[in-house]
Amino acid sequence: MVYQRKLVEEVSGWLRIFDDGWVDRTWTGPPEVKFMSEPVPPHEEFIEGVATRDVTIDENSGLGARIYLPQHEPDRSADHNGNKLPVIIHFHGGGFCISRADWYMYYHIYSRLARSAQAIVVSVYLRLAPEHRLPAAIDDGFSALMWLRALARGDDSYEPWLSNHGDFNRVFLIGDSSGANLVHHVAARAGQVDLSPVRLAGGIPVHPGFVRSERSKSEMEQPESPFLTLDMVDRFLKLALPKGCSKDHPFTCPMGPAAPPLDSLNLPPFLLCVAETDLIRDTEMEYYEAMKKADKDVELLINPGVGHSFYLNKIAVDMDPNTAAQTTALLEGIVEFIKKH
């Protein structure tokens, strides 16, 4: 008799879990959006001003990253460091449960950021829940930062693009959605160690998955979007948080009573990016207010008339003038923040 797997959990077309523990992440939603979750092969030649390659960060765990290198002309008048490019470590979204660093939805936006910021982007292939619950992804993000430190120190580590072109004195963290939670937690952990000669110059949480157990007003009132539904918030976080924990856990509620007080954390300057019609806007704004109250250096960038992770939706970026304009405004705000720090 052939054993038939039984489906035990399904999340909005993105994820199916079976009774034997097998996880199927094949996209089963509308076929016209499938291209956004297709992997883009690395290309070491410059295409539209950006080259990409995949590297292994940790031989033991197999942790990897996708590197984006922009085409740049060395400034002959600048000092040696003036020719180096800032480094942006990127943590992808997906509710800690889905998506990969090589997906087209990230490629189209982070190749654009690398080009416009004239920065090297290092996008981490994070481990996913439920096979790897939190803090696995936070550990991976921190490992990427420690790898940069090893490269900067020349500790038997060498990666030609970063070692030759990266300015380790200007390292930034950026993350989309759940990846933005990692920006907070990796920066907080980094504040407790000696990173030198690396300097963590800033953190850019974009639409972070900061929530509480109790539904916020925006969760009840704002429209759901293709990239965020209440079902996704609830189910992904149930699969990602340590077993038995609620959304009030510090991983998803760093401004809550269970989290270390924000004023006790050693954090770099932050640029918090919020979408006006995001379901979880209210709790993101609560985080912003808590950071201000804790006397942290935090700037706020709000994009009007758009929802959660709007800039990753290539169809909307191409078809809707406001999404296109707000994506440009978001990228310009991020570039300005990087140039300042």
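Buried means under 20% relative accessible area, exposed over 50% and partly exposed in between, with a 1.4 Å probe and protein chains only. The model is predicted: local features need pLDDT of at least 70, side-chain atom pairs count only at pLDDT 80 or more, and totals for chains, interfaces and linings use all residues. Residues are numbered from 1 along each chain as its sequence is written, and side-chain values use heavy atoms, without hydrogens and water.

**View A. Met319 in helix H8.** Met319 belongs to helix H8 (residues 314-319); helices (H or I, at least four residues) and strands (E, at least two) are DSSP runs numbered from the N terminus. With a relative accessible area of 69%, Met319 is exposed.

View B. Among the buried residues of H4 are Leu182, Val183, His184 and His185. The buried residues of H4 pack against several elements, including strand E6 (85-91), helix H2 (136-153) and helix H7 (281-293).

**View C. Phe236 in helix H6.** Phe236 lies in helix H6 (residues 230-240) and is buried, with a relative accessible area of 3%. Leaving aside neighbours within four places in sequence, Phe236 is in contact (heavy atoms within 4.5 Å) with residues including Val11, Trp14, Leu15 and Cys97. A separation of 34 Å lies between the C-alpha atoms of Phe236 and Val198, which are 38 residues apart along the chain.
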